[in-house]
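Dear colleague,

I am passing on to you the structure shown here, and below it you will find my notes on what was found. Please read them with the sequence and the coordinates open beside you.

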Amino acid sequence: MLLNNVASTPELEISLEFFPAKTDAGAARLPAMARRLASCNPAFFSVTYGAGGTTQTGTLDTIRSIAGATGWAGAAHLTAVAQSKATVDAVARDYLRAGVSRIVALRGDPQNGDAVYRPHPDGYANAAALVAGLRRIHDFDISVAAYPEVHPDSRDVAADLDNLRAKFDAGANRAITQFFFDADSYLRFRDAASAHGIWQPILPGILPIRDLDQLRRFAAGCGATIPDAVVQRIEAAGTDRKERQRVGIDLAAELCQRLVRHGVDGFHFYTLNQSDMVTAVCERLDLVRSGDRMVLAATGAAAR
Ligand SMILES: Cc1cc2nc3c(=O)[nH]c(=O)nc-3n(C[C@H](O)[C@H](O)[C@H](O)COP(=O)(O)OP(=O)(O)OC[C@H]3O[C@@H](n4cnc5c(N)ncnc54)[C@H](O)[C@@H]3O)c2cc1C
């Protein structure tokens, strides 16, 4: 399968995101589910964190479970909201003691029904402050969040980019974007970021659409747009769940292929703890293994 000119084809860095399972049965299914994603050969995987510490042990347990099954490097998400700096720092030290030195550092969303974000009186004011705090503890590999369609709390694109730059200035290694479905929104954002002096990697977050109603709920919460053309393609597949998911795979693969043609060299897949759609997208990207990296097979559509 490896081709002669693989060395000159683009390398792609894949990462995968999971969340702590809500039930024991769900947790028991995680190792096999992660193993089914082996063809994606991720550089790392990440596990979300319930804002305010609600899944603190779940995050570490999930990392142990998936890392134990696959040998992949795990990154733990950590939010600042509703917790003092001392509590957040203690969680970061717990991660380190458990051998986890990759952190996805986030502010988190307002808690307890608050419409507006209010930092804990002794807490980190935002994600940039959290990154600075983490840097004082250890030389973590730190990812932060970025928003191609602008974070709902942000005044405008410039303020959002100032905030992203503050996170990099504080020591973040890369950003991972909120999901989006229009390649242009990511490409415009990437251009605006570089015009803003941001040169660090901004990994596109890709969410293959499994269920349109669920997606509408996610998107309403984070301000992401679901383009009409995307809705129409899914609805045209009729009501059969599998057929709709096949279209979801097509849409995600087409999005990734378009981004690759514009020089994107990595993707962060939101797996929703399911292997089938992300595996299918990776296969459609025609990824082949080259040492410990994934590259695009020269014959693949994405390489053109
Ligand atoms: C890849 C990814 C992973 C995520 N994982 C999780 C998770 O595991 N758990 C979870 O609870 N949530 C998670 N989230 C959601 C995240 O917590 C929310 O989007 C949250 O609202 C913002 O977090 P942030 O780190 O981007 O915040 P920040 O970067 O701190 O800022 C958010 C917004 O507030 C504005 N802002 C920040 N500081 C200031 C300031 N001083 N003055 C004025 N405006 C300011 C910024 O412009 C920005 O628009 C994730 C999001 C992404 C994209």
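Ile 176 stands opposite Leu 203, a residue of strand E7, in a model that, please keep in mind, is predicted. The two strands concerned, E6 and E7, pair in the parallel sense, and three bridges hold that pairing. Between them the chain crosses from E6 through helix H6, residues 183-195, to E7, in a β-α-β crossover that is right-handed.

E7 also has a partner in strand E8 (residues 266-270), to which two bridges join it, and these two strands likewise run parallel. In this pairing Ile 206 stands opposite Phe 269 of E8.

How many of the five residues of strand E7 are buried? Five of the five, residues 202-206, are buried, so the strand is largely enclosed by the rest of the structure. In a regular strand, side chains alternate between the two faces of the sheet. Accordingly, when E7 is read face by face, Ile 202, Pro 204 and Ile 206 lie on one side and Leu 203 and Gly 205 on the other, and both faces are covered.

Turning to the ligand, there are 25 residues around it, of which Thr 48, Arg 107, Asn 126, His 151 and Ser 154 come nearest. The elements that give two or more residues to this shell are strand E3 (74-79), strand E4 (102-106), helix H5 (157-169) and strand E6 (174-179). The largest share, four residues, comes from H5.

Helix H9, which covers residues 241-261, has 21 residues and reaches 30 Å from its first C-alpha to its last, close to the 30 Å expected at 1.5 Å a residue. Its buried residues include Gln 245, Gly 248, Ile 249, Ala 252, Leu 255, Cys 256 and Leu 259. An α-helix has 3.6 residues a turn, so residues three or four places apart point the same way. After H9 comes Gly 263, whose phi is positive, near 90°.

As for the protein chain as a whole, it has ten helices and ten strands, and buried residues make up 41% of its 304 residues. Of the contacts in the chain with a separation of 6 or more, 79% are accounted for by residues 24 or more positions apart.

With best regards

Note on methods:
Residues numbered from 1 in each chain as written. Predicted model: local features only at pLDDT ≥ 70, side-chain atom pairs only at ≥ 80, totals over all residues. Expected span 1.5 Å × (residues − 1). Buried ≥ 20, exposed ≤ 12 C-beta atoms within 10 Å, placed from the backbone. Near = placed C-beta within 6 Å. Pairing = 2+ DSSP bridges. Right-handed = clockwise from strand over helix to strand, strands pointing away. Contact = placed C-beta atoms within 7 Å.
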